[in-house]
Amino acid sequence: IAKVGSRNLPQIAILYSLYEYAEHVKKHSFSVTELLETDEGGPACLFGLPRDVLVRALSGLSTQRGQIIRTELARGLENIFLEPSTSSESILGLGNG
């Protein structure tokens, strides 16, 4: 069975899945490659997002929600940093705004 990724996922769903993954693996920084290769959660695993869609979503999130997600996605870097004091539960309270 192959997952068919949605290119129209709400950004809040992607952000929530990142925080759920961070809580599961007990760390708040990881790489795009890690997210693409894991079967333990995260947006690529849950939604079947390919690298280009995931990177675009991460860039948008870091621009719009820079206080809780920061990325380094240029010049060969692929780092994602989540704010440790933020929880997946608190992400649900953000809504789509």
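1. Glu-78 sits in the loop that joins strand E2 (69-72) to strand E3 (79-82). Helices (H or I, at least four residues) and strands (E, at least two) are DSSP runs here, numbered from the N terminus. Keep in mind that this is a predicted model, where local features need pLDDT of at least 70, side-chain atom pairs count only at pLDDT 80 or more, and totals for chains, interfaces and linings use all residues. Residues are numbered from 1 along each chain as its sequence is written, and side-chain values use heavy atoms, with hydrogens and water left out.

2. Who does Glu-78 touch? Setting aside neighbours within four places in sequence, Glu-78 is in contact (heavy atoms within 4.5 Å) with Phe-30, Ser-31, Val-32, Thr-33, Arg-51, Glu-72 and Leu-73. With Arg-51 there is also a salt bridge between the side chains, at 3.1 Å from N to O. That pair ties together distant parts of the chain, 27 residues apart: Arg-51 belongs to helix H4 (residues 51-64), Glu-78 to the loop between E2 and E3. The cut-off for a salt bridge is a side-chain nitrogen of Lys or Arg within 4 Å of a carboxyl oxygen of Asp or Glu. Arg-51 has a relative accessible area of 39%, so Arg-51 counts as partly exposed (buried is under 20%, exposed over 50%, partly exposed in between, with a 1.4 Å probe and protein chains only).

3. Now the hairpin itself. E2 and E3 pair in the antiparallel sense over four bridges; two strands count as paired if DSSP finds at least two bridges between them. Thr-71 stands opposite Ile-80 in E3. Six residues lie between the strands, and in this hairpin Arg-75 has a positive phi near 55°.

4. Arg-56 is exposed at 53% relative accessibility, while Asp-52 is partly exposed at 41%. Glu-34 and Lys-27 form another, with the closest N and O atoms 3.1 Å apart. Here Glu-34 is partly exposed at 22%, and Lys-27 is partly exposed at 34%.

5. The largest nonpolar core has 22 residues, and those touching the most other members are Leu-15, Leu-18, Phe-30, Ile-69, Ile-80 and Leu-82. Helix H1 (11-25), helix H2 (32-37), H4 and E3 each give two or more residues to this core. H1 supplies the largest share, seven residues. A core here is a set of buried Ala, Val, Leu, Ile, Met, Phe, Trp, Tyr and Cys residues joined through side-chain atoms within 4.5 Å.

6. Phe-30 deserves a look of its own. Apart from neighbours within four places in sequence, Phe-30 is in contact with Leu-18, Tyr-21, Ala-22, Leu-35, Glu-78, Asn-79, Ile-80 and Leu-82. The structure holds one aromatic pair. The ring centres of Tyr-21 and Phe-30 are 5.2 Å apart with planes at 85°, so the pair is edge-to-face. For reference, rings of Phe, Tyr and Trp (its six-membered ring) pair if their centres lie within 6.5 Å, with planes under 30 degrees apart counted as stacked, over 60 as edge-to-face and the rest as tilted. Both Tyr-21 and Phe-30 are buried.
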